[in-house]
Amino acid sequence: MSTSLDVLGDKWTLLLIRDIVFVGKSTYGQFLQSEEKIATNILADRLAVLEAQGLITKAVAADKKSKFTYRLTEKGLDTVPLIVELVLWGAKHCPTIADPSLLAELQASKDTAVEKYQRLAREKALE
């Protein structure tokens, strides 16, 4: 567990993965718009760590050469069940800002939701 926490044990890391998976964010600017208001230096650091750990890839955006897009790798996709469990646990025990329709979907069938969001992230990575 210690090695997992070394990679994933940071709030911002988990929120970035959440935003890629459930919101479809893929650019630096999109991540900055998150409700949690991540600082630019922390965002840059966490994206670099996720890339160095092999959880995301970074590529030049098709529409603008000075912009990058970030996508989950297969290793990153393996975190989706963990993110789902954390969303559900948080909704059960804490006030949450999670989208009610997403919560209903996750509560109805975790396994189906995990498969769906992994598939969608894979498809986005191929764009």
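This is a predicted model: local features need pLDDT of at least 70, side-chain atom pairs count only at pLDDT 80 or more; totals for chains, interfaces and linings use all residues.
Reader: At what angle do helix 6 and helix 8 pack?
Author: Helix 6 (residues 80-93) and helix 8 (residues 110-126) pack at about 130 degrees, and their axes are 10 Å apart. Helix 6 is therefore oblique to helix 8. Helices here are DSSP runs (H or I, at least four residues), as are strands (E, at least two), numbered from the N terminus. Axes are lines fitted to C-alpha atoms, for helices over the stretch in contact, with angles from 0 to 180 degrees between N-to-C directions. Angles under 35 degrees count as roughly parallel, over 145 as roughly antiparallel, 65 to 115 as roughly perpendicular, and the rest as oblique.

Reader: Which residues make that contact?
Author: Helix 6 supplies Val80, Pro81, Val84, Glu85 and Leu88, and helix 8 supplies Lys110, Val114, Tyr117 and Gln118. Contact means heavy atoms within 4.5 Å. By class, this contact of helix 6 with helix 8 has six nonpolar, one polar and two charged residues. In this scheme Ala, Val, Leu, Ile, Met, Phe, Trp, Tyr, Cys and Pro are nonpolar, Asp, Glu, Lys and Arg are charged, and the others, Gly among them, are polar.

Reader: Changing topic, how many aromatic pairs are there in the whole structure?
Author: A search of the whole structure finds two. Rings of Phe, Tyr and Trp (its six-membered ring) pair if their centres lie within 6.5 Å; planes under 30 degrees apart count as stacked, over 60 as edge-to-face and the rest as tilted. Phe22 and Tyr117 form an edge-to-face pair, 4.8 Å centre to centre with 75 degrees between the planes. Phe22 lies in helix 2 (residues 11-23) and Tyr117 in helix 8, so the pair ties together parts that are 95 residues apart in sequence.

Reader: Are Phe22 and Tyr117 buried or exposed?
Author: Both Phe22 and Tyr117 are buried. Buried means under 20% relative accessible area, exposed over 50%, and partly exposed in between (1.4 Å probe, protein chains only).

Reader: Why is the pair of Phe31 and Tyr70 tilted?
Author: The ring centres of Phe31 and Tyr70 are 6.2 Å apart and their planes are at 55 degrees, so the pair is tilted. Phe31 is in helix 3 (residues 28-32) and Tyr70 in strand 2 (residues 68-72), so this pair links distant parts of the chain, 39 residues apart. Phe31 is buried, with a relative accessible area of 1%, and Tyr70 is buried at 7%.

Reader: What is Ile20 in contact with, beyond its neighbours within four places in sequence?
Author: Ile20 is in contact with Lys25, Phe31, Ile56 and Leu72. Ile20 sits in helix 2 and is buried, with a relative accessible area of 9%.

Reader: And where is Lys37?
Author: Lys37 is in the loop between helix 3 and helix 4 (40-52). Lys37 is exposed, with a relative accessible area of 60%. The phi of Lys37 is near 60 degrees, a positive value in a residue other than glycine. Most residues other than glycine have a negative phi.

Note on methods
Residues are numbered from 1 along each chain as its sequence is written. Side-chain values use heavy atoms; hydrogens and water are left out.
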